Amino acid sequence: MAERLHRFRGGLELPGMKEAATASPIRVMPPPKRIVLPLSQHIGEPAKPRVAPGERVLRGQMVAAAEGVISAAIHASTSGTVVAIEDHLVPHPSGLAAPCIIIDADGRDEAIEPVPLSDWENRDAGEIRERVRDAGIVGLGGAAFPSWIKLSGNRDQPLDTLILNGAECEPCISCDDMLMRERADEVISGARIMLRALHARHCLVAVEDNKPEAAEALQAALAKFADPRIELVIVPSRYPQGGERQLIETLTGREVPHDGLPLDIGIVCHNVATAAAVHRAVVHGEPLTSRIVTVTGGGVAEPCNVEARIGTRMSELIAFCGGYRGDVARLIMGGPMMGFTLRSDDAPVIKASNCLLAGTAEEFAPRRETLPCIRCGACADACPASLLPQMLYWHTRARDFERVQEYDLFDCIECGSCDLVCPSQIPLVSHFRYAKTEIWGKNEERAKADNARRRHEARQARLEREAREQEEKRRRKLEALEKMKSGDAKKAEIAAALERAQKRKEERS
Amino acid sequence: MLTAILAMTLLALVFGALLGYAATKFRVEDDPVVERIVAILPQTQCAQCGYPGCRPYAEAIAKGEADINQCPPGGEAGIRALAELLDREPKPLSAEHGVEKPKLLAVIDEQTCIGCTLCIQACPVDAIVGAAKQMHTVIEAECTGCELCVAPCPVNCIDMVEVPVTVRNWKWPEPEKWLSPMKDAANG
C-alpha cells in the first residue's frame, strides 16, 4: 500500500485561497423558480429528451436518456412543468446557446418514489453499475465523464486499487473539502459500493495536507465502517496534485502510459463527490439532481459552499450568496487556473460546475502585454506532464499541427502551470487549447472528405453501370429489330414463292 | 581466377533473375503520387479546378498538366500541403478558379421546391434525397458545399448557408485574436 509517497514532476506551490468559503457550513439552496437543464452536461453524446413541453415532472424523474455508449441521463431537479426544449445559454467557453430542457418549478418540490438498492452488498456488480448509470452520475471533479463506464473495470487485468480523489488542489475551490468535512460517511460508503462494483482489492482516499478537518472527518468515518480495505492517505499540497495521473504517481510511484488509461496499470480514480453521489443513488435511490458548488471570489458578498439544484442559474446562485459586491471583472466557472470565463450569469449550474468565481478587477489584473519567448525553459520545469511547452508554443504559432502532435500536445492537461511561470506572460494554455480544437476540426474535416470521396466514387460507379446497362439494352433492342426485319424478309420470300407457284398453276391451266 | 569470374557471373544472374521476377510480381499498379494528392484534396467534387472531380484533378497534377493552385475549397492550406508533397514552391490561389470561402451547406427551401430532380442529378456525392414531383432535401452531414446543385434549380430554391457554429464544433480562437478586442477597448 502507500507507505511511501512519491513525487510527481513539475507543478507549483500555490496559495489555497479557500478560507473565505470554508468558514461556514454547506448551505442548501431551495429550488429556484426556473430550472435549465442542458442536454449535454457530460463528455460524450448529448442526452435525448424523454419529455414534451407541457408535461409535469417530479424531482428525480428522468427527463433525458443517455444516447449511445458514452452519455449520461438527466433528471428533473425539482417538480414542475416542462415549458420548453430549446436553445439556452450554457456554461461553455464559447458563450453559445445549446439545447436545454426548461422547467418551471411549482414550488412543491415533490420527488418520485425512491427505489433504494439497499442490499447492494449482495448485488451483482452489473446491477450497481446499472444503478449508477440510471442515476445520471458523472465525474463531479469537473471532467463529467459518465461514471458507470469507469466502474466497469478491465476483463484482462484484475483491478488493484480504487483511488478516491479528494486532493482538490486548485486554489479557491473547496466543494470537495466541505463535502468530506460534513458528509464523510457518504464518501466512505460510496467507496465501499465502488469497490464492490469494481472487484478492486483496496481503496486509497487521498486528501491534501491543507485539509486537516476533512482528513479528521474521513478518519472518523473510516473508524465507523471499519473496512480494512479503505485507507486514508494525506498527500502534500502541490498543484496539480488532483490531476488523475499526478495523484496516481504520488500514491503509487507508477506513471500511467501517455497513450493509456489508469486502468492499464490496474487503477481507477474517482472524485470523492462522485463516491458520495454513488452512495445516494444506491443506498437512497436518489438520482443526481444537485451538487455542491463553491461560490467565492472578491465579487461575492457571502462566499460559501452551496448545495444547489442542477439547472439553477448562476445569477440566482449569486443572489443566494448575498449578491455581487464591488466591481466584478470576470465570472469564472471552475478555478482560477483551469476554469473559463462565463459570458453571462444566465447560464445554469451543470453537473461539472464545481466552482463559481466572481473576481474583482484587483483580483484579475488585465493580462500584461505578451513578450517574445526567451526560451528560458521555466514552463518545461513546471509542466507536470513532462512536456516542452515552449516547443508546443513554437509549432502552434507556426500552425504546424503535425509537429505539435509529435510533441504530445494531447498529453497536456491544461493545468496552467506554464502560463503562471512564463516571464513573458505568454498565454500558453490558450494556444494549446486553440491547437487542440483546430486539430480536432481538421480530423473531422478529413473524415468528412474521405466519406465524400467514397460517396463520389460510389456514384461514379453507379453512373457507369447505368450507362453500361443502357447501352446493353439498346444493343439488344437493335438486334431484335434486326431479327424482326429478317423475319419479314422470309415472309416476303414465302409470299413471293407462293405467288410464283400460283402463276405457274395459272399458266398450266 | 576462373572460379571467381564464374561465381560473380552466377551471382549476377541469380540476382538479376530475382530482381526481374520481383519487378513483375510486385508491380505497383496505381500511381502512389495520385493517391497522396487525392488524400490532400478536400473531396468537395466541385469541379472549380476545371476537372470533373478531385481524382481527375489529382491525376492532372501528377501528370504535370494542372497547377497546384486551382482548388479554392482546399485554400491556402491545401496549396501548401500540395507544394510540400510535390516539392514545389507554394503560390497564391489562382483567381480564375475561384476564391477561398468558409465552408457552406446547401439548404433547399422545401416550400418552393417543385420536385424536378435536377439538383439530385447534379449532386456529386448523392447528398440530396427526393423523387420526381416529390419534395427534395439535403442530407446535411453528407453535403460538401460544392454549389453544383444551385445553378440547375429552375425555381432558385437552393441557398448556400454557412455551417452554423455550435457548442460541439466551436473552436478556441487563436490567442492574439482572442486578446485584441480587449486591447482595442483599452486603446479606444
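Which residue takes a positive phi just after H6(A)? I looked it up: A:Gly253, with a phi of about 75 degrees. I note here that the model is predicted.

**Entry: helix H6 of chain A**

I stayed with this helix, which covers residues 244-252. I listed its buried residues: A:Gln246, A:Leu247, A:Ile248, A:Glu249, A:Thr250 and A:Leu251. A:Gly253, with its positive phi, comes just after the helix.

**Entry: chain A against chain B**

I turned to the contact between the chains. It takes 35 residues of chain A and 38 residues of chain B. I read the buried area as about 3,000 Å², with 53% of it on carbon and sulfur atoms. On the side of chain A, the residues that lose the most area to chain B are A:Arg455, A:His456 and A:Arg459. Together they make up 19% of what that side buries.

How many salt bridges cross this interface? I count six. I noted one pair by name: A:Glu457 and B:Arg55 meet through their side chains at 3.4 Å, N to O. I also have 17 residue pairs in polar contact across the interface.

Which elements of chain A supply the touching side? Strand S8 (97-105) and helix H13 (428-508) each supply at least two residues. H13(A) gives the most, with 18 residues. I sorted the residues of that side by type: 10 nonpolar, 11 polar and 14 charged.

**Entry: the two domains of chain B**

I then checked the domain assignment of chain B. It gives domain 1 as 32-97 and domain 2 as 104-162. Their contact takes four residues from domain 1 and six residues from domain 2. I put the centres of these two domains 26 Å apart, taken over C-alpha atoms.

The area buried between the domains is about 340 Å². Carbon and sulfur atoms give 64% of it. In domain 1, B:Thr44, B:Gln45 and B:Cys46 lose the most area to domain 2. Together they account for 87% of what the domain 1 side buries.

I looked for salt bridges between the domains of chain B and found zero. For polar contact I have one residue pair. On the side of domain 1 that touches domain 2, I counted one nonpolar residue, three polar and no charged.

Note on methods:
Residues are numbered from 1 along each chain as its sequence is written. Chains are lettered from A and ligands numbered from 1 in the order in which they are written. This is a predicted model: local features need pLDDT of at least 70, side-chain atom pairs count only at pLDDT 80 or more; totals for chains, interfaces and linings use all residues. Side-chain values use heavy atoms; hydrogens and water are left out. Domain bounds come from an automatic or database domain assignment. Contact means heavy atoms within 4.5 Å. Buried area is the accessible area (1.4 Å probe) that two parts lose on being put together, summed over both. A salt bridge is a side-chain nitrogen of Lys or Arg within 4 Å of a carboxyl oxygen of Asp or Glu. A polar contact is a pair of N or O atoms within 3.5 Å; within protein, one must be able to donate a hydrogen and the other to accept it, and residues adjacent in sequence count only if both atoms are side-chain atoms. Ala, Val, Leu, Ile, Met, Phe, Trp, Tyr, Cys and Pro count as nonpolar, Asp, Glu, Lys and Arg as charged, and the others, Gly among them, as polar. Buried means under 20% relative accessible area, exposed over 50%, partly exposed in between (1.4 Å probe, protein chains only). Helices (H or I, at least four residues) and strands (E, at least two) are DSSP runs, numbered from the N terminus.
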